[in-house]
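User: Could we go through this fold together, starting with the sheet and then moving on to the helices and a few loop residues?

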Amino acid sequence: MTTTLLVTGASGHMGQRVIHHLLETLKVAPQRIIATTRKPESLKDLAARGVTVRAANFDDAASLRSAFAGADRLLLISTDALDRPGHRLEQHQAAVAAAEHAGVAHVVYTSMPLPEDSPLLIAPDHAGTEKALANSTLKGWTILRNHWYFENLFMSLPSALAMGQWHSAAEQGKVAHIARDDLARAAATALASDATGKSTYTLSGAEAFTTEQMAQMVSQAVGKPLQVVHVPLAGLIQGMVSAGFPEPLATVFASFDTNTAAGRVAEVTGDFQKLTGVAPQPFAQWLTANAAAFVAK
């Protein structure tokens, strides 16, 4: 028998790349794939290829139970609900419960490195979801503790490059980040595998860099000067508020730097290659390919 594979958040950046790797890299038959999204109309191209597209709303438990019906293995991509504390965890807990109800045999979840007792303000969402999986009746699960995307730099570096200054409260903490496409490949591989039981992978890039090291590499790639300006956490938050961010959201974003300063995203592991059989894309190579986008944004 062939297993049916379900991907949540299939219309998002991560979800789209996971589907791509299932179809193109792993050559999974479209008829084995279920893609769920709040906007099924956005996945007409996948439906035309034979992928089953279903509507799923993480705030509607009944819709999740219906959407997950018939799935053997399910990829739970963490949602982007940061509108209020605990909302995302509630969504994830509902998804785990729906997977149990639907008889899903194995769940793959996209978590974060070291979520327990983390200074990162979104970490409880991930720690709580991992706990929900551990306490569930699911036969098996795979936790992918994903390091930060290279692509996250698009949120801050274009404006930093325009000013020539990158304000940071990360001190000398390092980040072992990795390309989003690599993480999507890892998720697709874990989902499509026949692995059973319960396992955890920490998926990092091949190297970890301080903010200064990253700034130097970015500067060289785009041909513009970029100086790191170390600021206290309160100053970083105030700077984001002055730039138009609501203070609660600025506080969440600033906690990423606190987490980095604490050394909690610096671990380089071999788990990505162990899972996929290939090496992660080097940061320098990714920068070269995306240099123009940093200047254009």
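Analyst: Two strands pair if DSSP finds at least two bridges between them, and helices (H or I, at least four residues) and strands (E, at least two) are DSSP runs, numbered from the N terminus. This is a predicted model, where local features need pLDDT of at least 70, side-chain atom pairs count only at pLDDT 80 or more, and totals for chains, interfaces and linings use all residues. Residues are numbered from 1 along each chain as its sequence is written, and side-chain values use heavy atoms, with hydrogens and water left out.

User: How many bridges join β2 to β3?
Analyst: Strand β2 covers residues 33-37 and runs parallel to β3. In this pair, T37 stands opposite A55 of β3. The number of bridges joining β2 to β3 is four.

User: What is the strand order of the open sheet?
Analyst: The sheet is open, with seven strands and parallel pairing. Its edge strands, each pairing on one side only, are β3 (52-55) and β8 (198-203). From one strand to the next the twist averages 15°. The order reads β3-β2-β1-β4-β5-β6-β8.

User: Which strands does α3 touch as it packs on the sheet?
Analyst: Contact here means heavy atoms within 4.5 Å. Helix α3 spans residues 61-68, and its direction makes about 170° with that of β3; such angles run from 0 to 180 degrees between N-to-C directions, with axes as lines fitted to C-alpha atoms, for helices over the stretch in contact. The strands touched are β1 (5-7), β2, β3 and β4 (73-76).

User: And at what angle to β5 does α5 run?
Analyst: Helix α5 takes in residues 123-134. It lies across β4, β5 (106-111) and β6 (140-146). Relative to β5, its angle is about 165°.

User: Why is α3 called oblique to α4?
Analyst: Angles under 35 degrees count as roughly parallel, over 145 as roughly antiparallel, 65 to 115 as roughly perpendicular and the rest as oblique. The axes of α3 and α4 (residues 87-102) come within 8 Å and cross at roughly 45°. That makes the pair oblique.

User: What is the handedness of the α9 and α10 crossing?
Analyst: Helix α9 (residues 233-242) and helix α10 (residues 247-261) have axes that come within 9 Å and cross at roughly 140°. A crossing is left-handed if the near helix is turned anticlockwise from the far one by less than a right angle, and right-handed if clockwise. For α9 and α10, the crossing is right-handed.

User: Is K27 buried or exposed?
Analyst: K27 is found in the loop between α1 (13-25) and β2. Although not a glycine, K27 has a positive phi of about 60°. Buried means under 20% relative accessible area, exposed over 50%, partly exposed in between (1.4 Å probe, protein chains only). With a relative accessible area of 63%, K27 is exposed.

User: What relative accessibility does L114 have?
Analyst: L114 lies in the loop between β5 and α5. Its phi is near 45°, a positive value in a residue other than glycine. L114 counts as partly exposed, at 39%.
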